[in-house]
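Welcome! Here is a short tour of some aromatic rings and a pair of helices. Have a look at the structure, then read on.

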Amino acid sequence: MASNSPKVLLYDLETSHNIVAQFDPADQYTPHTNLLVERFIISVSWKWLGEKTVYAVSILDNPKRFAKDHYDDYHVVSEFLKVAEEADVVVGHNIDQFDARFLNGRALAHGLDPLPPLTSVDTLKIAKLKFRLNYNKLDYLA
């Protein structure tokens with residue numbers, strides 16, 4: 001890859017579910033006061049375009065933090081933010097509406113700076129704009 005080429009980062013993050021208390025599973029609205037455990041980032045995987053190696057960071061990578069709090073994603077968030085700072089362009093599926101915003105929210109929760117301003121290529125947006133498919137989920141598109 002030429003040295004003047006943009007550094008392109010492909011990534012995906014995996015999150016947990018929210019754990020909430022509710023009386024009826026048919027309830028359409030669950031107030032924030034019923035939130036028992038806020039969802040968190042379990043892992044992030046990434047790859048630099050043009051390279052073969054796939055990297056990942058997970059909550060299990062810091063055993064002391066995990067033992068103290070199974071829901072603590074500080075290690076995942078802080079480590080991936082360092083990686084993202086090196087990118088000129090990020091690529092992923094639904095990263096504009098979900099991944100980047102969720103990551104920024106978790107950074108805020110930990111008192112960290114959000115993602116730097118980056119050019120993004122969101123494959124979900126491309127699929128919706130360019131094609132009329134039955135589904136736009138990544139596993140269907142693949």
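**Aromatic rings and a helix pair**

Tyr140 has a relative accessible area of 41%, so this residue counts as partly exposed. Please keep in mind that the model is predicted. Searching the whole structure turns up 6 aromatic pairs.

**Aromatic pairs**

- In the pair formed by Phe98 and Phe102, the ring centres are 5.4 Å apart and the planes lie at 15°, so the two rings are stacked.
- Both Phe98 and Phe102 belong to helix H3, where 4 residues, or about one turn of the helix, separate them.
- Phe98 is partly exposed, because its relative accessible area is 23%, whereas Phe102, at 13%, is buried.

**An aromatic cluster**

- Four residues, Tyr11, Trp46, Tyr55 and Phe80, come together in one aromatic cluster.

**How H2 and H3 meet**

- Helix H2 covers residues 74-84 and helix H3 covers residues 95-109; their axes come within 10 Å and cross at roughly 120°.
- An angle between 115 and 145 degrees is neither roughly perpendicular nor roughly antiparallel, and H2 and H3 are therefore oblique to each other.
- The crossing of these two helices, H2 and H3, is left-handed.
- On the H2 side, Val77, Phe80 and Leu81 make the contact, and they meet Leu103, Arg106 and Ala107 of H3.
- Sorted by type, the residues in this contact of H2 with H3 comprise 5 nonpolar and 1 charged, with no polar ones.

Definitions and conventions: Residues numbered from 1 in each chain as written. Predicted model: local features only at pLDDT ≥ 70, side-chain atom pairs only at ≥ 80, totals over all residues. Heavy atoms only, no water. Axes fitted to C-alpha atoms, helices over the stretch in contact; angles between N-to-C directions. Parallel < 35°, antiparallel > 145°, perpendicular 65-115°, else oblique. Left-handed = near helix turned anticlockwise from the far one by under 90°. Contact = heavy atoms within 4.5 Å. Nonpolar A, V, L, I, M, F, W, Y, C, P; charged D, E, K, R; others polar. Phe/Tyr/Trp six-rings, centres within 6.5 Å; stacked < 30°, edge-to-face > 60°. Buried < 20%, exposed > 50% of the residue type's maximum accessible area, 1.4 Å probe, protein only.
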